[in-house]
Amino acid sequence: MPPEPVQAKPVALALQGGGMHGAFTWGVLDRLLEDGRLAIEGVSATSAGAMNGTVLAYGLMQGGSDGARRALHDFWQAIAHSAQRFNPLRWLPWFKGSHTLGLNHSPLYAMADITLRLLSPYQFNPGNANPLRDVLLGQVDFAALRERCPIRLYLCATNIETSRIRIFAQEELSVDAVLASACVPTLFQAVSIDGQHYWDGGYVGNPAIFPLIYHCQTHDVVIVHINPIVRRGVPTTAAEILNRVNEVSFNSSLMREMRAIGFVTTLIQQGKIDRTEMKEMWIHSIRSDETMAALGVSTKYNADWEFLCALRDQGRQAATLWLERNYDCVGQRSSVDITGEFL
């Protein structure tokens with residue numbers, strides 16, 4: 001008799017943001033979907049992670065795992081095509097840095113960065129053009145997704161006026177919700193939804209874990225990291241310093257949530273809290289700090305197809321390694337030492 005098919009283990013995914021580096025997450029998702037041994041119950045996502053999560057959900061709705069893989073491929077290809085049309089400096093590789101994975105130097109990017117510190121998007125983009133809107137609308141039917149989203153999807157944004165996190169759930173899914181989660185304030189005007197104004201969710205939740213704890217049945221959360229937690233050496237140039245400040249800031253909310261999860265987990269394991277009263281979470285982490293730390297900050301804006309595919313391949317490799325080493329932990333225990341990694 002043929003062996004019985006392995007029942008997929010339910011997990012929730014937490015997807016970080018980080019510009020075009022989100023193609024790494026595309027690769028991770030592509031490999032997990034191809035493997036088929038994990039069933040995605042929910043996703044909490046921010047910025048580029050919100051785009052990946054939204055497209056993932058829409059693809060699953062249309063055609064299961066294969067549909068999600070196609071949808072993610074088509075989305076990132078559309079990003080690359082859009083960049084070719086709208087980037088007036090696309091013929092200058094030294095604006096975007098190397099097409100390969102590696103540290104790059106981009107003088108023109110530095111000039112653009114200085115300009116963005118002098119002029120706001122309300123000045124250099126008064127019409128509020130955002131090519132990401134057209135890409136998303138061309139790839140996702142948001143009305144259908146609101147009605148039939150196959151997973152629990154939570155997108156994180158930052159309320160500018162209150163500094164609070166805003167979580168957009170299934171009934172609130174829209175192109176504006178995704179753009180709010182990915183609204184880099186130096187590049188885009190604030191996104192207005194129901195009279196409230198939002199910036200990138202990475203400032204307060206990159207991504208938020210608590211919606212997955214409260215609303216998903218699974219105890220397993222797989223975090224897909226884009227921003228390096230560990231970067232060896234002290235940054236000395238202005239660009240390196242600002243980049244590391246950004247990385248630390250965008251990891252800070254996640255580190256705080258991990259501290260809370262670690263505290264509760266210890267109390268549960270020591271028998272000081274009844275397991276029926278609090279939910280023990282098992283945390284897993286897919287990341288490649290070495291890969292991401294080798295990329296210059298300008299590559300977060302590099303949407304060349306060759307570069308995106310190289311990042312995708314790195315993400316697939318990281319996911320393959322994680323599956324080999326940690327799949328058996330899913331449903332049993334954390335594969336991450338929360339205290340050692342985050343505290």
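I started with phenylalanine 168, which is buried at a relative accessible area of 1% (buried means under 20% relative accessible area, exposed over 50%, partly exposed in between, with a 1.4 Å probe and protein chains only). Tyrosine 198 also counts as buried, at 2% relative accessibility.

Notes on the source. This is a predicted model, where local features need pLDDT of at least 70 and side-chain atom pairs count only at pLDDT 80 or more, while totals for chains, interfaces and linings use all residues. Residues are numbered from 1 along each chain as its sequence is written, and side-chain values use heavy atoms, with hydrogens and water left out.

Aromatic pairs. I found 6 in the structure (rings of Phe, Tyr and Trp, the last by its six-membered ring, pair if their centres lie within 6.5 Å; planes under 30 degrees apart count as stacked, over 60 as edge-to-face and the rest as tilted). Tryptophan 26 and tryptophan 76 are stacked, at 6.3 Å centre to centre and 10 degrees between the planes. Tryptophan 26 is in helix H1 (residues 22–35) and tryptophan 76 in helix H2 (residues 48–86), so this pair links distant parts of the chain, 50 residues apart (helices, H or I of at least four residues, and strands, E of at least two, are DSSP runs numbered from the N terminus). Both tryptophan 26 and tryptophan 76 are buried.

Back to phenylalanine 168 and tyrosine 198. Their ring centres are 5.6 Å apart and their planes at 75 degrees, so I logged the pair as edge-to-face. Phenylalanine 168 is in strand E4 (residues 165–168) and tyrosine 198 in strand E6 (residues 196–200), so the pair ties together parts 30 residues apart in sequence.

I also noted a cluster: ring pairs link Trp26, Phe75, Trp76 and Trp305.

Charges over a ring. I checked tyrosine 327 (the test: NZ of Lys or CZ of Arg within 6 Å of the ring centre and within 35 degrees of the ring normal). Lysine 9 lies over the face of tyrosine 327, 4.2 Å from the ring centre. The charged end of arginine 37 sits over the ring of tyrosine 327 too, 4.1 Å from its centre.

Pocket. Which residues lie nearest the centre of the second largest pocket? I listed Ser285, Arg287, Leu321, Trp322 and Arg325, out of 18 lining residues (a pocket is an open set of points on a 1 Å grid over the protein atoms alone, where a 1.4 Å probe fits, with protein on both sides within 12 Å along at least five of seven lines; lining residues have an atom within 4 Å of a point). H12 gives the largest share of this lining, 7 residues.
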